[in-house]
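Biologist: Could you take me through this structure slowly, one question at a time, and show how each answer is reached?

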Amino acid sequence: MSQPAVMPIPSGMHSLTPHLICGGAADAIGFYKAAFGAVEMSRLPGPAGKVMHAMLRIGDSTLMMVDENPECGMLGPKSLKGSPVVVHLYVENVDKTVAQAVAAGAKITMPVADMFWGDRYGQLEDPFGHRWSVATHTHDVTAEEMRQAMAKMQTI
């Protein structure tokens, strides 16, 4: 009897999944639970209490995590003195989520405001150096309306 075909993308996963390297991944897991309501799906402990791999669920998406491992060239944003990457998170209530993240230890880098593209949007940096944009879509905007709003901004 033949085995059923293996799904190329596992059930519950999406095509693109962030995989964050953190100095102190176990603490980061706790932060993401408190800040974003993350649910820990799995954790593979490694030597000396390090996290070799963890999977969290935030909303309908998965976030993978691992502890820093300099010997393997795996460094988090604090060790690299910053990150050019921003993880974008859509939520039901951006103001509530940002306040929750700040209470858990995040730093606001861009206050929440209504944006011309139809989102209420702000940016944070978590205690581990990862940057997050958080948004709630509030209204649909046509490409032309967006272009006009951008043009107005450039004249200010």
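This is a predicted model: local features need pLDDT of at least 70, side-chain atom pairs count only at pLDDT 80 or more; totals for chains, interfaces and linings use all residues.

Biologist: Does Ser-83 count as buried or exposed?
Modeller: The cut-off for a buried residue is under 20% relative accessible area, whereas an exposed one must be over 50%. The relative accessibility of Ser-83 is 18%, so Ser-83 counts as buried.

Biologist: And Lys-81, is that residue buried or exposed?
Modeller: Lys-81 has its place in the loop between helix 2 and strand 5, and it has a positive phi of about 65 degrees although it is not a glycine. Most residues other than glycine have a negative phi. The relative accessible area of Lys-81 is 76%, and because over 50% is the cut-off, Lys-81 is exposed.

Biologist: In which loop is the place of Ala-48?
Modeller: Ala-48 is not a glycine, yet it has a positive phi of about 60 degrees. With a relative accessible area of 79%, Ala-48 is exposed. Its place is in the loop between strand 2 (39–45) and strand 3.

Biologist: What kind of aromatic pair do Phe-31 and Phe-128 make?
Modeller: The structure holds 8 aromatic pairs. In the pair of Phe-31 and Phe-128, the ring centres are 6.2 Å apart and the planes stand at 65 degrees, and since planes over 60 degrees apart count this way, the pair is edge-to-face.

Biologist: How many residues apart in sequence are the parts that this pair of Phe-31 and Phe-128 ties together?
Modeller: Both Phe-31 and Phe-128 are buried. Phe-31 lies in helix 1, while Phe-128 lies in the loop between strand 7 (119–125) and strand 8, so the parts tied together are 97 residues apart in sequence.

Biologist: What kind of pair do the rings of Tyr-32 and Trp-132 form?
Modeller: Tyr-32 and Trp-132 are both buried, and they belong to one aromatic cluster that also includes Phe-31, Phe-36 and Phe-128. Tyr-32 lies in helix 1 and Trp-132 in strand 8, so their pair ties together parts that are 100 residues apart in sequence. Their ring centres are 5.4 Å apart and their planes are at 55 degrees, so the pair is tilted.

Biologist: How far apart are the axes of helix 1 and helix 3?
Modeller: Two packed helices are described by the angle between their axes and the distance between the axes. Where helix 1 and helix 3 meet, Phe-31, Ala-34, Ala-35 and Phe-36 face Thr-97, Gln-100, Ala-101 and Ala-104 in contact. The crossing of helix 1 and helix 3 is right-handed. These helices pack at an angle of about 145 degrees, and the distance between their axes is 7 Å.

Methods. Residues are numbered from 1 along each chain as its sequence is written. Side-chain values use heavy atoms; hydrogens and water are left out. Rings of Phe, Tyr and Trp (its six-membered ring) pair if their centres lie within 6.5 Å; planes under 30 degrees apart count as stacked, over 60 as edge-to-face and the rest as tilted. Helices (H or I, at least four residues) and strands (E, at least two) are DSSP runs, numbered from the N terminus. Buried means under 20% relative accessible area, exposed over 50%, partly exposed in between (1.4 Å probe, protein chains only). Axes are lines fitted to C-alpha atoms, for helices over the stretch in contact, and angles run from 0 to 180 degrees between N-to-C directions. A crossing is left-handed if the near helix is turned anticlockwise from the far one by less than a right angle, and right-handed if clockwise. Contact means heavy atoms within 4.5 Å.
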